[in-house]
Amino acid sequence: MPRYLGVMSGTSLDGLDIALIQHDTRPTLLAHHYLPMPDALRAELLALCASGPDELARAAIAEQHWVELAATGIHALLQREGLSTKDIRAIGSHGQTVRHEPARGFTVQIGNPALLAELTDIDVVADFRRRDVAAGGQGAPLVPAFHEALFESSTQPKAVLNVGGFSNLSLIEAEQPVRGFDCGPGNVLLDAWIGQHQGETFDRDGAWAASGTLNEALLHRLLSDPYFAGQGPKSTGRELFNLPWLASHLSETPTLPAADVQRTLLELTARSIVDSLQQAQSGTAELLVCGGGAHNHTLMQRLQELLPACQVASTAARGVPPDWVEAMAFAWLAHCCLERIPANRPSVTAAKGLRVLGAIYPA
């Protein structure tokens, strides 16, 4: 049975996730490896998310460093598992998103797949999002089709929630096309705010947020952003939700303790998810959570409190570790590309039709 590697670094920019899967009737996780993002590379990738001087050269250098890190991790994983490069059919490399503006017809992921093929001697499949955008779609989220393949449908509707930098939902219902969309900020504002005020990269267990008090007036202002009113298909990114966006709303609010802002940002994440889910798929029986947000105890508790009739659990409850679902998805997308299987879903992205996603860089 063919084995594939998936390489993913998301909008949180905390590190690279590498997942090794085997594909039979369903994808199975065999092994995984994590590499923390070096501070200098993280800072440069964050800077590239906004306009700046000499962007083309800086992006080219940054993606070289990103690929060198990925190749190091791939070789370490293979050595640990006693595998050679010949044992891997292909690498699905997401690269790093630095711009995502489907309304203007583009999305940009950097990751130099030619160099990755050269450094690993494994076929690389990359550039998954732009074909969907070219077909009139949002280019995101791409994981709903994988979630549908991984978590079988049942008589009761279920949803899969990925909480990375941003949160996205996959809505799975028997005999219905899978649907999905970005709900809004996941960890992106929480991470940025705690970084600014406490020098931490993330709020472990949501403990700092739990120490604060929810400010309903600020929450109301944040939720008044037009993005939250629209139903899917829709996708978003750092172009909209960032610290300047938050500052514009804080300027209308009397000075709040920093912990209260963190608590309100956590509520923004929770409420935007729950409001989206209830509008799009009422009666959801099970919400499976993956991504870094699955480890945020305060967020998971709030989701369950806001959805008392729904079972909220980590994907670990279904045998899939939450940290590796998205990297697994890009390994699966590589499989789909090589087999010429369409992997986008017009019901998710609003593309004009099904498309085979990705470009192949032979070893």
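**View 1. Six nonpolar, two polar and one charged residue surround the largest cavity.** Here Ala, Val, Leu, Ile, Met, Phe, Trp, Tyr, Cys and Pro count as nonpolar, Asp, Glu, Lys and Arg as charged, and the others, Gly among them, as polar. This is a predicted model, in which local features need pLDDT of at least 70, side-chain atom pairs count only at pLDDT 80 or more, and totals for chains, interfaces and linings use all residues. Residues are numbered from 1 along each chain as its sequence is written, and side-chain values use heavy atoms, leaving out hydrogens and water. A cavity is a set of points, on a 1 Å grid over the protein atoms alone, where a 1.4 Å probe fits but cannot get out, and its lining residues have an atom within 4 Å of a point. The space inside is about 30 Å³, a volume being the space filled by probe spheres set on the points, which are joined across faces, edges and corners. Look for Pro141, Leu142 and Arg345 among the lining residues.

**View 2. A cis peptide bond leads from alanine 140 to proline 141.** Its omega is near -10°, and proline 141 sits in the loop between α4 (129-134) and α5.

View 3. A pocket is an open set of grid points with protein on both sides within 12 Å along at least five of seven lines. Of its 15 lining residues, Gln109, Ile110, Gly111, Pro113 and Asp127 lie nearest the centre. Strand β6 (residues 106-110) gives the most to this lining, with four residues.

**View 4. Helices α1 (residues 39-47) and α2 (residues 55-81) cross at roughly 140°.** Their axes, lines fitted to C-alpha atoms over the stretch in contact, with angles from 0 to 180 degrees between N-to-C directions, come within 10 Å. The two helices are therefore oblique to each other: angles under 35 degrees count as roughly parallel, over 145 as roughly antiparallel, 65 to 115 as roughly perpendicular and the rest as oblique. Leu41, Glu44, Leu45 and Ala47 of α1 meet Arg58, Ala62, His65, Trp66 and Leu69 of α2, where contact means heavy atoms within 4.5 Å.
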